[in-house]
Each structure stands twice: as C-alpha cells, then as structure tokens.
Amino acid sequence: MSRRSGILEFAVLGLLRESPMHGYELRKRLNTSLGIFRAFSYGTLYPCLKTLVANGWLIEEPGNAPADLPPGPGRTVAPSSSLAGRRAKIVYRLTAEGKEHFEELLSHTGPDSWEDEHFAARFAFFGQTEHDVRMRVLEGRRSRLEERLEKMSASLARTRERLDDYTLELQRHGMESVEREVRWLNELIESERSGRDQRRSSPEGSAQQNTAGEPDGLPRRDNNPPDPSGDTAK
C-alpha cells in the first residue's frame, strides 16, 4: 500500500467513525475538512472504499436516495429503471473491527506521522487522539521541520551568490513558511502541556477550560496546520 493510499484510508475511517456517509458526502468532507485531499477524485475514493469493505472495516448499506452523484440541473433518475437500480446510493458504515483498526492507527507515532500530508491528516483527528500520542506526534513534527530548516539554511548559504534575486526570495519564503510552522507547533506543544498540568491540578482530574472555553488549554483560533505545500524545499 502506498503512503498516499494509506493516508486516504486513515482519513476515510476517521470520518466514518463520526457518522455513516455515502460516497458523495464523504468526498465532500474529505475536500472541505482535510485540504490535502482537495484534488482527489471518485476514481481514487471508490477503490479505497472497496478495499476497506473487503478488509471488514466497513460495510455497505443501501440508501433510499438517488445515486452518489453531485446534484446538477436537470439531472433525474427514473426509479423504475435498471440504471436507477445500479445508481442507488450506498451508505458506508464503520464496523467494530474498523473502529478498532482506526484506534490502532491513531496510536502510531512513527516518522510517517511527521511527514507533510500524513501529519495534516493526523492533526485533523487530534480530538480523538490520546494526549501522549498528540505530544509525540507534535514533537516529532517539530523535530522534522527543525532538521529541514537546518538543511535549507545550509543550502542557501552555499548557493546564495549564484542565485538571482527572485530565486533567492523564493528560498527565503520557503524558510519563512517552515519557521512559521515551527512557531505554531511550539505554541501547540505548550498548550498541550498547560492543559495536562490543569488536569493534574483539578480536584476531579478532568480537563478544565480556559476563559475562551477551549478544553485542554488550547487557544481558541483556527488550529489547522499550515499548508505544507507552501514549502519550497524539503
């Protein structure tokens, strides 16, 4: 299984853990909630769904609405036709085995979880992830970006004199993007630590909320990870 397909399977399982969905709704959620999948097609999604069904992690259930097709003007489906039967909507539901498999995937903290696309998918499901796992993934991601920054800085120092002004500016922009994500990760890691300390000091041992109402000490703001595609060097 390729890394890309593995990320997609992980994201599909995570979204279906929230609620059953049909293919069109699932694709829409992948596009809107997980920007790393903004360009993928049904030709990528449906083989993934079939694989998950074959593995016993999903089941297909008949729906009572028209096909897994985006709505469009003038599109009709004749309920009595064989074509309508073939296009009947299928709802995908997570099985108990699928839930167990997803929870196992959530616990992984190896180097793959620090890479650009996989980290973005992992971060999208941090609300379902144990605190210690979140910390290891965040710290691993930060370490990976710090290594990238060091390499980018060394490369720029070696080639600065040979670069024209525009290429040099592009290299600087790439470094600034990585530096910005490192600062963002530092803030998240500090928030995670503060939230853990609050829970330990709470008499009930439960997560407390800050004045903004966010659990675990996380600041209230858009905590979507910076888009890794903005980096000009890896």
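Residues are numbered from 1 along each chain as its sequence is written, and side-chain values use heavy atoms, with hydrogens and water left out. Because the model is predicted, local features need pLDDT of at least 70 and side-chain atom pairs count only at pLDDT 80 or more, while totals for chains, interfaces and linings use all residues.

Helices (H or I, at least four residues) and strands (E, at least two) are DSSP runs, numbered from the N terminus. Strands of a sheet pair through backbone hydrogen bonds, either parallel or antiparallel. Here, three strands form an open sheet. Their order is β1-β3-β2, and the pairing is antiparallel. β1 (21-22) and β2 (58-62) stand at the edges. Each has a single partner strand, so one side of each is left without a neighbour in the sheet. Two strands count as paired if DSSP finds at least two bridges between them. β1 and β3 pair over two bridges, in the antiparallel sense. H22 stands opposite V91 in β3.

Helix α3 (residues 42-54) lies across β2 and β3. Contact here means heavy atoms within 4.5 Å. The helix runs at about 110° to β2. Axes are lines fitted to C-alpha atoms, for helices over the stretch in contact, and angles run from 0 to 180 degrees between N-to-C directions.

H22 also takes part in a side-chain pairing. The side chain of K89 makes a polar contact with the side chain of H22, at 3.2 Å. A polar contact is a pair of N or O atoms within 3.5 Å; within protein, one must be able to donate a hydrogen and the other to accept it, and residues adjacent in sequence count only if both atoms are side-chain atoms. K89 sits in the loop between α4 (82-86) and β3 (90-94). K89 counts as buried because its relative accessibility is 14%. Buried means under 20% relative accessible area, exposed over 50%, and partly exposed in between (1.4 Å probe, protein chains only).

Burial also marks the helices. In helix α6 (residues 116-124), seven of the nine residues are buried, so α6 is largely enclosed by the rest of the structure. Among them are H118, F119 and F123. In helix α5 (residues 96-106), the buried residues are G98, H101, F102, L105 and L106. They cover an arc of only 145° around the axis, which puts them on the same side of α5. The arc is that of the directions from the helix axis to the C-beta atoms. A96 and E100 are exposed on the other side of α5.

G195 lies in helix α8 (residues 165-201). G195 is buried, at 1% relative accessible area. Its C-alpha atom is separated by 9.6 Å from that of H131, 64 residues apart along the chain.
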